[in-house]
Amino acid sequence: MWSEFKQFAMKGNVIDLAVGVIIGAAFGKIVSSLVADIIMPLVGVIIGGVDFDFSKLAYGKLAYGKFIQTVVDFLIISFSIFLFVKFINRFKKKEEPAEVVVKADPTVELLAEIRDLLKEDKDFFRKNETS
């Protein structure tokens, strides 16, 4: 059982996924700080002194301000990842679609040959009639 687990854990996709999760978590913290500490205070100053500290918004123990802040963080993170993936895809080599060779049914091929031969014979007889 241990060897099966090692084989599963050492597959490239699992390791790539783990690295992606770790980087994503770190990126999420950076974006949260960017939104809370830089973007929202600047927006507040531009609008005219509005305080966008959503963590203060609450109704009793229901802290809906934190939820709003989390939604804003998510939107910025998802848009950033979208832009990053779009940027990376520009540099990927575009694969040309492989030509699909459709092999016709032997019966269809034979009928096409007969048709072509009959057409040649018909053209041959027309030329000889006029001469």
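**View 1. Helix H3 and Tyr 64.** Tyr 64 lies in helix H3, which covers residues 64–91; helices are DSSP runs of H or I with at least four residues, numbered from the N terminus. The model is predicted, so local features need pLDDT of at least 70 and side-chain atom pairs count only at pLDDT 80 or more, while totals for chains, interfaces and linings use all residues. Residues are numbered from 1 along each chain as its sequence is written, and side-chain values use heavy atoms, with hydrogens and water left out. The 28 residues of H3 should span 40 Å at 1.5 Å a residue, and the 42 Å between its end C-alpha atoms agrees; the expected span is 1.5 Å times one less than the number of residues.

**View 2. Buried residues of H3.** Gly 65, Gln 69, Asp 73 and Ile 77 are the buried residues of H3. Buried means under 20% relative accessible area, exposed over 50%, and partly exposed in between (1.4 Å probe, protein chains only). Tyr 64 is partly exposed, at 37% relative accessibility.

View 3. The structure holds two aromatic pairs. One of them joins Phe 87 and Phe 91 edge-to-face, at 5.1 Å centre to centre and 80° between the planes. Rings of Phe, Tyr and Trp (its six-membered ring) pair if their centres lie within 6.5 Å; planes under 30 degrees apart count as stacked, over 60 as edge-to-face and the rest as tilted. Because Phe 87 and Phe 91 are four residues apart in helix H3, about one helical turn separates them. Phe 87 is partly exposed at 42%, whereas Phe 91 is exposed at 61%.

Methods:
Helix = DSSP H or I, 4+ residues; strand = E, 2+ residues; numbered from the N terminus.
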